[in-house]
Amino acid sequence: MPGDSVQRFSNRVDSYAKYRPNYPPEVLRCLQEHAGLTPEMIVADIGAGTGLLTERFLHNGNVVYAVEPNENMRKAAEAALGQYPNLRTVDGRSEATTLPSGSVDLVTAAQAFHWFEPVGTRAEFMRILRPQGWVALIWNNRRDDSTPFMTAYRQMLDGLGTDYRKVDHKFVADAPAIERFFAPSSVHLYTYANNQVLDYDGLVGRLQSTSYVPAPGEPGHDRMMAAARALFDRYAEEGKVRIEYDTQVYLGHLAP
């Protein structure tokens, strides 16, 4: 990955917490149905960020180890989720979680796996999982061309983003890469519709939560904001635009 993947979001924490899409309730139901998720299971949410997915499990009653190497993101998760007694935040990385061996029933990575080094990460997941434990890799995968707005949004990112095609997960963690991670075991994909309805400030916040969009003061920021304003003015209906996603859950076991 270009640059330091841990620090890429340090100046975007507030926008990330406020404007990233959440995960639909179908994700939890998927894990309940296909992985036997119960409130008694121990979850390790790796690359937990500000805790969007973590909260789903905490609300379900699970003990969750939210493993996040970025201090600003981790503190934001602690501030947002501190009311849950089952939250355990951990300063660790995907290949070095610091968790005890054989200590968790389910490992998740939401909007994070494409930042991981796969070989060390796979070994670490196998180490911390109990026998027959599960791994779920989850993304809110933005639809590229489902509406004229979505097509124009993609074109804006492609033309004005700093390194969009080098770091966006759809270009890095494609289906063959995920299959290689789970091999020789099989991996199953479950997909659910998701969306965000945003006013102009929400659209700007969503853009600013993304590491390949120039931050204020960086080269290209003003140009990106001008394009976003024009995009919103063209496509907004009743002062809102709709970003559409497919929430993808890749679920399976890891075997030696």
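Predicted model: local features only at pLDDT ≥ 70, side-chain atom pairs only at ≥ 80, totals over all residues.
Two strands are taken to pair if DSSP finds at least two bridges between them.

Seven strands form an open sheet, in which the order is β3-β2-β1-β4-β5-β7-β6 and the pairing is mixed. The edges of this sheet are formed by β3, residues 87-90, and β6, residues 187-198, each of which pairs on one side only. On average, and with direction ignored, neighbouring strands of the sheet are turned by 20° against each other. Within the sheet, β4 (residues 104-110) and β5 (residues 129-142) run parallel and are joined by six bridges. Leu106 stands opposite Trp134, which belongs to β5.

Helix α10, which spans residues 200-208, lies across β6 and β7 (241-252), and its direction makes an angle of about 140° with β6. The helix α10 also packs with helix α6, residues 148-160, at an angle of about 45°, the two axes being 13 Å apart. On the α6 side the contact is made by Phe149, Tyr153, Met156 and Leu157, while α10 contributes Leu203, Arg206 and Leu207. By type, the residues of this contact of α6 with α10 comprise six nonpolar, no polar and one charged.

**Two buried residues**

Leu231 lies in helix α11, residues 221-235, whereas Gly92 is found in the loop between β3 and β4. Leu231 counts as buried because its relative accessibility is 7%, under the 20% cut-off; Gly92 is likewise buried, with a relative accessible area of 5%. When neighbours within four places in sequence are left aside, Leu231 is in contact with Phe149, Ala152, Tyr153 and Met156. With neighbours within four places in sequence again left aside, Gly92 is in contact with Val67, Glu68, Pro69 and Thr97.

For each of these residues, the table gives one partner, with the separation along the chain and the distance between C-alpha atoms.

| Pair | Separation in sequence | C-alpha to C-alpha distance |
|---|---|---|
| Leu231 and Leu203 | 28 residues | 10.0 Å |
| Gly92 and Glu68 | 24 residues | 5.7 Å |

Of the partners in the table, Leu203 is one of the residues through which α10 makes its contact with α6, and Glu68 is among the residues in contact with Gly92.

Conventions. Residues numbered from 1 in each chain as written. Heavy atoms only, no water. Helix = DSSP H or I, 4+ residues; strand = E, 2+ residues; numbered from the N terminus. Axes fitted to C-alpha atoms, helices over the stretch in contact; angles between N-to-C directions. Contact = heavy atoms within 4.5 Å. Buried < 20%, exposed > 50% of the residue type's maximum accessible area, 1.4 Å probe, protein only. Nonpolar A, V, L, I, M, F, W, Y, C, P; charged D, E, K, R; others polar.
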